[in-house]
Amino acid sequence: MKRNKFFSPALMLEGIKQTRVVGICFAIISVLASCGYPLLRLISYASMDYDTLKAQPYFTIDIATFSMPIFLIQYIMPIVMIFLLFNFMNIRKASDFYHSIPLSKTCVYLTYTVTALIWSIVTVVVSTLLSFTIYALSLKTVINIEFVWPTIISSIILAMLVASIALLAKGLSGTIFTNIIITLIIMFLPRVIILLYTTAINTSVKITDVSFMSLTDIYNNIIFAPFIYNNSFLIEKTAPILNASTQWYSLILAIIYFVIGFFIHKFRKSESAGKSAAYKGVQPVVRILLGSIPLLLISFNLACGLKVYTEFWLIGILVSLLAYFLYELITTKSAKKLLISIPFYLIAILANAIFIIACVSERNFILNDIPEPSEISSVSISYNNDYLNTVYINDNYYKYKTENIKFDDKELIKCMQSSLVETVEKVKEDDFSKFYSENYIYYDVIFHCSSGRDIKRRVYVNINKLGGSENLSLDSYIHKNKEYENAIYSLPTDKELKSINIDTSNIDFSKDELNELWKIYKEEFNSASNEDKSMLSYRDNDIYNNYNIDNTTSIVTIGYVGMNSFSQHYLIDAKITPKTYNKYLNKTMSKLIQDNIVDTVKKNESSAEYFRLDFSDLKNKDNYFTLEYYNDNVGDEDLMMNPSVDGTLKRYNVNYTDSGIDKKYISDLRKISNIIINAISEDVDVEKDNLIQCSLSTNVNLEYSYDGDRINGYSMNSQSQTVYVNITDEQYDEINRILSKCSNHTNYVEPEN
Amino acid sequence: MIKVENVTKKFDDFIALKNMNCEISEGCIYGLVGSNGAGKSTFLRLITGIYKPDEGKISIDEKPVWENQEAKSDFVFVPDELYFISQATLNKMAKLYNACYPNFSFERYKMLVDKFGLDPKKKIASFSKGMKRQAAIICALSCQTKYLFFDETFDGLDPVMRNLVKNLIFDDICERQATAVITSHSLRELEDTCDQLTLLHKGGVVFESDVQNLKTSLFKIQAAFNIDYDKKLFTDNGIEVLDFKKTGVVSNSIIRGDKDKVIEILSGFKPIILDILPLSLEEVFIFEMGEMGYKFEDVFEKEEEKNEKK
């Protein structure tokens with residue numbers, strides 16, 4: 001029977017048997033890591049009583065929480081399996097054996113690689129499916145089955161990439177120490193160098209973001225992806241590890257490494273087993289790389305134009321020399337070879353010099369690369385998020401939607417070109433102070449040249465340049481473009497959108513509920529005015545005047561514009577999007593939650609030492625106060641501090657900032673809490689009634705700390721709940737009357753009866 | 001047939017084998033002798049495709065060996081330093097060999113295990129050195145390949161086992177026209193086993209010959225005559241004398257030539273004593289190499305010296 005030249009099923013089976021102990025151990029660890037958390041939740045829910053269970057909110061699992069444990073195991077597992085299976089390459093007699101048997105190197109390479117990957121694939125699939133099943137069985141847990149496939153794909157791609165790197169390292173070296181060193185170098189060093197290079201240029205140039213066909217984007221290499229998060233917490237929901245471009249890039253990289261590794265294994269001699277380097281040239285290269293790394297940090301600082309202190313220099317050089325010579329000594333154990341390696345250290349220095357020269361050259365090129373207006377056919381102006389949107393500065397949907405729109409207005413082109421010239425001059429002078437005045441804002445501009453080249457720069461523009469006193473002049477030019485106007489006043493399309501969630505909510509919505517909410521929101525958004533749309537998408541500076549930002553609730557959208565992942569917040573506003581708001585409140589203020597709050601507060605009335613009420617009018621942010629008082633039925637009255645109220649009720653033209661209240665009024669203050677409690681169960685009509693957000697805290701245990709006999713502090717264990725209540729005008733008036741009386745405010749008027 | 005043509009192998013600056021040529025025909029047991037560092041193991045590793053020659057070519061049945069799965073299926077190699085999978089038992093190694101060699105026979109394997117008396121379920125790591133060697137031989141012989149290569153394999157075996165292995169090899173040769181190549185640094189070990197012998201020294205072939213021819217072409221004669229005589233008595237009568245020692249009337253001569261003819265000639269002188277004594281391979285080599293200008297001690301470790309070291 002003709003045998004397959006490329007693959008041996010029998011050898012694969014033997015390989016699986018040889019590695020079964022380690023493989024099973026990893027599989028168990030992976031299963032425990034991925035199933036441990038959902039299992040604990042399941043057990044915790046199972047032990048709750050029925051009423052408590054009913055009152056618990058739903059808990060949504062985001063994809064990062066789900067996939068991360070499974071993913072992280074694949075950093076180690078493929079390396080260990082490859083090192084085990086290919087261990088014969090480190091031992092001379094084992095290497096001779098494998099070279100003498102009637103299996104070609106190709107066959108052994110492919111068969112054992114497949115064997116290692118089979119372990120990873122099985123581990124990933126089993127862990128993912130088990131984890132998902134347990135989450136799905138978990139009460140009150142909402143999990144999306146769409147998480148399963150991306151998790152499996154990304155984890156397997158990671159395993160492939162890590163395995164291919166390990167194979168490459170194994171082929172180049174013949175001892176376990178050098179296997180590990182070279183694996184780490186291949187895994188991290190290229191991307192680190194790219195990152196340092198691009199960062200150095202971006203830092204020194206200031207006006208551009210160097211990226212080479214997005215290959216330098218740190219997200220693209222799946223090995224780095226989990227460690228890079230956007231500032232927005234919710235960006236994890238489409239974490240870079242699950243990004244399609246990351247998957248493709250990493251897969252192609254893995255294939256390239258596999259192919260290179262194949263040829264390295266094929267031409268490797270059996271007699272190189274047990275030697276630190278399997279090929280001539282590998283030893284000095286690794287040595288030089290290790291010596292270069294500490295120097296790179298110094299070079300990076302120099303390339304950024306930063307001062308490098310003497311101590312830093314000394315430490316850097318010392319560590320570099322240590323790394324360089326120690327490696328040689330450990331791997332060759334030869335003083336003679338150590339001496340021979342001395343002059344080659346200069347190459348490490350030279351490499352760093354090249355790094356600095358490359359950064360400086362690139363910087364100079366960028367700064368001198370200024371096209372003439374006649375050479376520019378159009379410009380794209382990316383929506384300036386940093387300037388205009390001070391709420392969620394990482395929201396970037398509109399940036400991506402606008403950055404490819406081309407403006408061919410000659411005046412605009414001329415304006416941008418001259419602004420670029422001015423900006424570059426300031427960069428060269430290293431003096432940006434002029435741009436920090438009110439007259440300047442910056443835009444990310446792409447200059448589309450007639451030659452076909454695109455030049456991307458951050459340009460500081462004098463807002464008066466085009467005539468007019470406000471940046472509306474510039475905006476007016478931009479808004480002439482219909483495509484631009486449509487882009488900045490539209491919501492993400494269904495195709496672009498991957499995920500929706502509610503921010504600042506401790507209530508979790510199911511996928512269907514979110515979709516329903518979004519559907520209603522879209523209708524309301526699309527019928528709003530452009531000014532309202534800007535407000536709703538947090539792109540209006542006036543938003544701070546109109547809202548208490550801490551009390552706003554928003555829908556967070558996450559998805560892709562092309563290959564770029566975005567996040568964007570949309571305000572749920574009681575006036576502009578009342579239906580959405582109503583739906584949101586109905587969910588958050590379900591009967592069970594209302595009953596739970598009322599029961600908790602009433603239960604603690606007699607036993608809690610401390611109460612706090614945060615009152616905030618959602619329709620008018622100037623109506624708010626914080627009230628704190630102590631329960632005179634509990635604890636030592638002498639120790640209890642006086643109640644206090646802090647805030648303002650613009651509605652009544654009253655300011656209660658730091659108003660002290662005598663203890664005798666505690667029973668009156670308790671009435672305010674009771675008003676709120678009684679109002680809780682009323683239905684909320686967002687359009688008509690006074691909608692108030694309250695946070696009620698009760699503390700059962702107040703612990704004082706003493707300095708001798710003096711109290712110098714206290715700690716408390718509080719239970720807090722945020723509620724939305726419908727306060728009538730009468731109730732509002734009553735609250736104000738009580739507050740005014742208690743705080744002895746001069747405009748308090750005692751009611752007639 | 002194994003053909004080695006102008007093969008040279010270097011390790012950095014060291015030349016392990018230089019311009020080596022040899023032909024190993026089928027159905028024989030080929031012995032390769034030489035001292036440590038002569039190039040025996042290198043030679044075996046070259047013909048088993050472990051090393052790639054720097055110059056020259058090697059073929060087995062006209063198929064190049066290097067990276068040739070088909071050619072490698074025809075041979076099995078038992079090296080001087082044995083390799084077993086970590087924590088493996090004999091059964092486990094057999095399965096690995098079975099995965100690699102198309103003609104591996106579990107029937108033969110079981111028969112060999114019984115013959116050698118090893119426990120196939122016990123970890124090989126717990127075996128003695130000799131038992132490990134037996135385990136390797138069992139796996140190799142179970143592969144039923146056309147060519148068998150043993151690198152100093154017999155050195156670690158006791159005489160009983162050596163005999164057993166020898167007979168098993170003979171069986172393979174008889175039944176399957178197998179060919180065995182055995183290396184050793186001891187002539188005594190190969191004397192009764194090999195058909196052909198090649199002597200390696202410092203990476204080159206010093207001497208190559210059929211063993212039978214070697215043993216019959218040279219012989220020792222112990223003679224005594226009534227007449228006064230010396231070496232001339234032999235040489236004047238056309239007898240080729242390589243060595244002549246006379247003590248009193250008794251002489252011991254190493255003679256190359258036709259034994260019967262020499263006896264006939266010497267009988268004509270009415271000898272008092274005329275005995276033909278067989279020469280050991282070692283003695284044959286001493287004289288053959290002496291003719292070529294080599295000192296035996298420079299090339300070989302004598303048996304006595306080896307025993308003293310042990």
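In chain B, 4 strands make up an open sheet, ordered S12-S13-S11-S14, with antiparallel pairing. Strands S12 (240-247) and S14 (273-277) of chain B are the edge strands, and each has a single partner, so one side of each is left without a neighbour in the sheet. On average, neighbouring strands of this sheet are turned by 20° against each other, direction ignored. Please keep in mind that this is a predicted model. The points below start with this sheet and then move on to the aromatic rings, chain A as a whole, and a few helix and loop positions.

- Strand S11 (residues 218-224) of chain B is joined to S14(B) by 5 bridges, and the two run antiparallel.
- A residue of S12 (240-247), B:Lys246, places its charged end over the ring of B:Tyr229, 4.3 Å from the ring centre.

**Aromatic rings**

- Over all chains, the structure holds 44 aromatic pairs.
- One of them joins A:Phe66 and A:Phe132: the ring centres are 6.4 Å apart and the planes stand at 90°, so this pair is edge-to-face.
- A:Phe66 belongs to helix H4 (residues 63-73) of chain A and A:Phe132 to helix H7 (residues 105-137) of chain A, so the pair ties together parts that are 66 residues apart in sequence.
- One aromatic cluster brings together residues of chain A and chain B. From chain A it takes A:Phe86, A:Phe88, A:Phe97, A:Tyr98, A:Tyr109, A:Tyr112, A:Phe262, A:Phe263 and A:Phe267. From chain B, the cluster takes B:Tyr83, B:Tyr97 and B:Tyr101.
- In chain A, the ring of A:Tyr732 has the charged end of A:Arg651 sitting over it, 3.9 Å from the ring centre.

**Chain A as a whole**

- Chain A has 26 helices and 15 strands in its secondary structure.
- Chain A has 753 residues, and 53% of them count as buried.
- Among the contacts in chain A with a separation of 6 or more, 75% are between residues 24 or more positions apart.
- The accessible surface of chain A is about 35000 Å², with 58% of it belonging to carbon and sulfur atoms.

**Helix H1 of chain B**

- Helix H1 (residues 40-47) of chain B has 7 of its 8 residues buried, so it is largely enclosed by the rest of the structure.
- The buried residues are B:Lys40, B:Thr42, B:Phe43, B:Leu44, B:Arg45, B:Leu46 and B:Ile47.
- Just past H1(B) comes B:Gly49, with a positive phi of about 80°.

**Loop positions to look at**

- Most residues other than glycine have a negative phi, which makes the next two residues worth a glance.
- A:Lys333 has a positive phi near 55° and is found in the loop between helix H12 (310-332) and helix H13 (335-341) of chain A. Its relative accessibility is 70%, so A:Lys333 counts as exposed.
- B:Glu152 is not a glycine either, yet its phi is positive at about 50°. B:Glu152 lies in the loop between S7 and H6 of chain B, and at 15% relative accessibility it counts as buried.
- B:Thr153 is placed in the loop between strand S7 (147-151) and helix H6 (159-176) of chain B. With 0% relative accessibility, B:Thr153 counts as buried.
- Which residues does B:Thr153 touch, not counting those up to four places away in sequence? B:Thr153 touches B:Val78, B:Arg133, B:Ile137 and B:Thr183.

Terms used. Residues are numbered from 1 along each chain as its sequence is written. Chains are lettered from A and ligands numbered from 1 in the order in which they are written. This is a predicted model: local features need pLDDT of at least 70, side-chain atom pairs count only at pLDDT 80 or more; totals for chains, interfaces and linings use all residues. Side-chain values use heavy atoms; hydrogens and water are left out. Two strands pair if DSSP finds at least two bridges between them. Axes are lines fitted to C-alpha atoms, for helices over the stretch in contact, and angles run from 0 to 180 degrees between N-to-C directions. Rings of Phe, Tyr and Trp (its six-membered ring) pair if their centres lie within 6.5 Å; planes under 30 degrees apart count as stacked, over 60 as edge-to-face and the rest as tilted. A charge sits over a ring if NZ of Lys or CZ of Arg is within 6 Å of the ring centre and within 35 degrees of the ring normal. Buried means under 20% relative accessible area, exposed over 50%, partly exposed in between (1.4 Å probe, protein chains only). Contact means heavy atoms within 4.5 Å. Accessible areas come from the Shrake-Rupley method with a 1.4 Å probe; for residues, only the protein chains shown count as cover.
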